[in-house]
Amino acid sequence: MKVIIAGAGAMGSRFGIMLHKGGNDVTLVDSWPDHVNAIKENGLKANFNGEDITVNVPVMLQSEINTDKKADLIILFTKSMQLNKMLQDIKPLIAKNTKILCLLNGIGHEDTIEKYIPMKNIFIGNTMWTAGLVGPGQVKLFGNGSVELENLGENQEDSAKELATFLSESGLNAKYSDNIHYSIYRKACVNGTMNCLCSILDVNMAEFGATKPAHDIVVTVVNEFAAVAKHEGVDLDIEEVVSHVESCFDPETIGKHYPSMHQDLITNHRLTEIDYINGAVSRKGKKYNIPTPYCDLLTQLIHCKEDILGAS
Ligand SMILES: NC(=O)C1=CN([C@@H]2O[C@H](COP(=O)(O)OP(=O)(O)OC[C@H]3O[C@@H](n4cnc5c(N)ncnc54)[C@H](OP(=O)(O)O)[C@@H]3O)[C@@H](O)[C@H]2O)C=CC1
Ligand SMILES: CC(C)(CO)C(=O)C(=O)O
């Protein structure tokens, strides 16, 4: 299968490497020139569960897509604020039947994708895999993860199941979900707690989990997400979601991971996806007349930190 990874930062590199190891024809597309040049010159280097590996995969700069060879599958892995531009730039790679899978964190990406891709070809989901960019052309990958996905178009369940099987054949542990909006809100609760709190407090998830107020904060934020989700027909099981969020505290699994927002803001002084996570819940709360004071404050604190650190 010809696979394009559109957004080959930390997570795109993980999926690219695992699909390449699984024997697929993978090409990376990314917007960061230093990263693309480093991969062209030296291959994509990864510390993969403690082992140093180099993978030679074709890579293209997003602004210089120089082929009209169409992809069978495009996996979107940009940051949320880069998604629209990526969809514009990869048009030459999209054929009538190219499937598009979006695994970004955040809520509401289908509204952007629908502007470019026919509904029958859109698949959305989320992932509990983790990854970190060490520098241009270099990633650090450890731990296990999973993927959940569903078709947006009608009568595409079989294609979604085939897609999950295809990803699992490369070890990505994917499964079909018949209620992906539930899964997306459930994952957004993980990001709406871990990502902003670990960034503000400058800790990893295990360190945050070891603090006394951690549980109360998680419960309050999850309740805000749940109230908004309910208004959209998604009925979150709050107790189960809180325990899912708190499973991230385990240092034996992903607890030692610094969430991607920490990598962006604290390590690299880059703007964050907060407006697509807690910020999205704040906006929806205002629209539906549901108070979301923790999400409002967390969003504002992250924007303060972006200003303080001169993030761009
Ligand atoms: N990392 C993780 O563990 C997880 C991430 N996700 C989600 O996956 C999606 C992709 O995230 P992720 O893979 O973390 O993205 P990355 O942080 O790896 O980067 C994506 C893009 O950001 C820019 N960039 C990042 N770091 C630098 C740097 N040091 N200097 C210059 N530019 C840089 C580049 O684009 P440009 O130059 O155009 O800015 C790069 O292509 C997001 O929605 C994220 O929330 C989901 C699960 C886990
Ligand atoms: C690993 C995890 C689940 C932590 O919130 C994540 O999605 C991220 O780092 O953005």
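**Figure 1. Buried surface between domain 1 and domain 2 in the predicted model.** Domain 1 and domain 2 bury about 2100 Å² between them, and 59% of this area lies on carbon and sulfur atoms. Buried area is the accessible area (1.4 Å probe) that two parts lose on being put together, summed over both. Asn105, Ile107 and Met128 supply 31% of the area that domain 1 buries against domain 2, more than any other three residues. Domain 1 spans residues 2–176 and domain 2 spans residues 180–309, with bounds taken from an automatic or database domain assignment. The centres of the two domains, taken over C-alpha atoms, are separated by 24 Å. In this predicted model, local features need pLDDT of at least 70 and side-chain atom pairs count only at pLDDT 80 or more, whereas totals for chains, interfaces and linings use all residues. Residues are numbered from 1 along each chain as its sequence is written, and side-chain values use heavy atoms, with hydrogens and water left out.

**Figure 2. Contacts across the domain interface.** In domain 1, 25 residues are in contact (heavy atoms within 4.5 Å) with 29 residues of domain 2. Ten residue pairs across the interface are in polar contact, both residues at pLDDT 80 or more. A polar contact is a pair of N or O atoms within 3.5 Å; within protein, one must be able to donate a hydrogen and the other to accept it, and residues adjacent in sequence count only if both atoms are side-chain atoms. Helix 4 (109–113), strand 8, strand 9 (132–135) and strand 11 (147–151) each supply at least two residues of the side of domain 1 that touches domain 2. Strand 8 gives the largest share of that side, four residues. Helices (H or I, at least four residues) and strands (E, at least two) are DSSP runs, numbered from the N terminus.

Figure 3. A salt bridge is a side-chain nitrogen of Lys or Arg within 4 Å of a carboxyl oxygen of Asp or Glu. The whole structure holds seven salt bridges, and one is found across the interface of domain 1 and domain 2. Lysine 79 forms a salt bridge with aspartate 264, with the closest N and O atoms 2.9 Å apart. Aspartate 89 forms another with lysine 85, at 2.8 Å between the closest N and O atoms. Both aspartate 89 and lysine 85 lie in helix 3, four residues apart, about one turn of the helix.

Terms used: Chains lettered and ligands numbered in written order.
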